[in-house]
Amino acid sequence: MSTTALTPAEAGARGRARSVQTCTNEQVDATLRAIAGVRAGTEFSVNLVRRQLDDARVPNVARAGLFRIAVAEKLIEPVYVTGPGFRQQRREPSTGRSAHGAGVLIYRRTRTTYRAG
């Protein structure tokens, strides 16, 4: 077992990877289909597809990791705010019942099509 301390980014990446492992293939597919159903060029967050994810019983804890998979599949791309000396991904308030005022990240739907499997 390694005793090397993880950076916060590394710890977050490992946590997202573990959370996605709890999903079934059907939940992963439902998430990617919901994202693929958004019109190309639209800027959106998980708020837009929340009902579809809820209906598919996609765990809240896995959704950030699943959106990272959608980025890797080039279905979506992060939307950034930039200024002198900073660049951060845009956010909006979550509409989730358990969000407690948390923000969710904004993405832009690309023209890439999703093919299940």
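## Basis

The model is predicted, so local features need pLDDT of at least 70 and side-chain atom pairs count only at pLDDT 80 or more, while totals for chains, interfaces and linings use all residues. Residues are numbered from 1 along each chain as its sequence is written, and side-chain values use heavy atoms, with hydrogens and water left out.

## Salt bridges

Five salt bridges are counted, each being a side-chain nitrogen of Lys or Arg within 4 Å of a carboxyl oxygen of Asp or Glu. One of them joins E43 to R90, with the closest N and O atoms 2.5 Å apart. E43 lies in strand β1 (residues 43–44) and R90 in the loop between β4 (86–89) and β5 (91–93), so this pair ties together parts 47 residues apart in sequence. Strands are DSSP runs (E, at least two residues), numbered from the N terminus.

E43 also meets R108 in a salt bridge at 2.8 Å, N to O. This pair links strand β7 with strand β1, 65 residues apart. A salt-bridge network links E43, E77, R90 and R108.

## Exposure of the partners

E43 is partly exposed at 36% relative accessibility, as are R90 at 31% and R108 at 27%. Buried means under 20% relative accessible area, exposed over 50%, and partly exposed in between (1.4 Å probe, protein chains only).

R63 and D54 form a salt bridge at 2.8 Å, N to O. R63 is buried at 5%, whereas D54 is partly exposed at 41%.

## T110

T110 is in the segment after β7 (107–109) and is buried, at 16%. Leaving out residues up to four places away in sequence, T110 touches A40, K74, L75, I76 and E77 (contact: heavy atoms within 4.5 Å).

Conventions: Helices (H or I, at least four residues) and strands (E, at least two) are DSSP runs, numbered from the N terminus.
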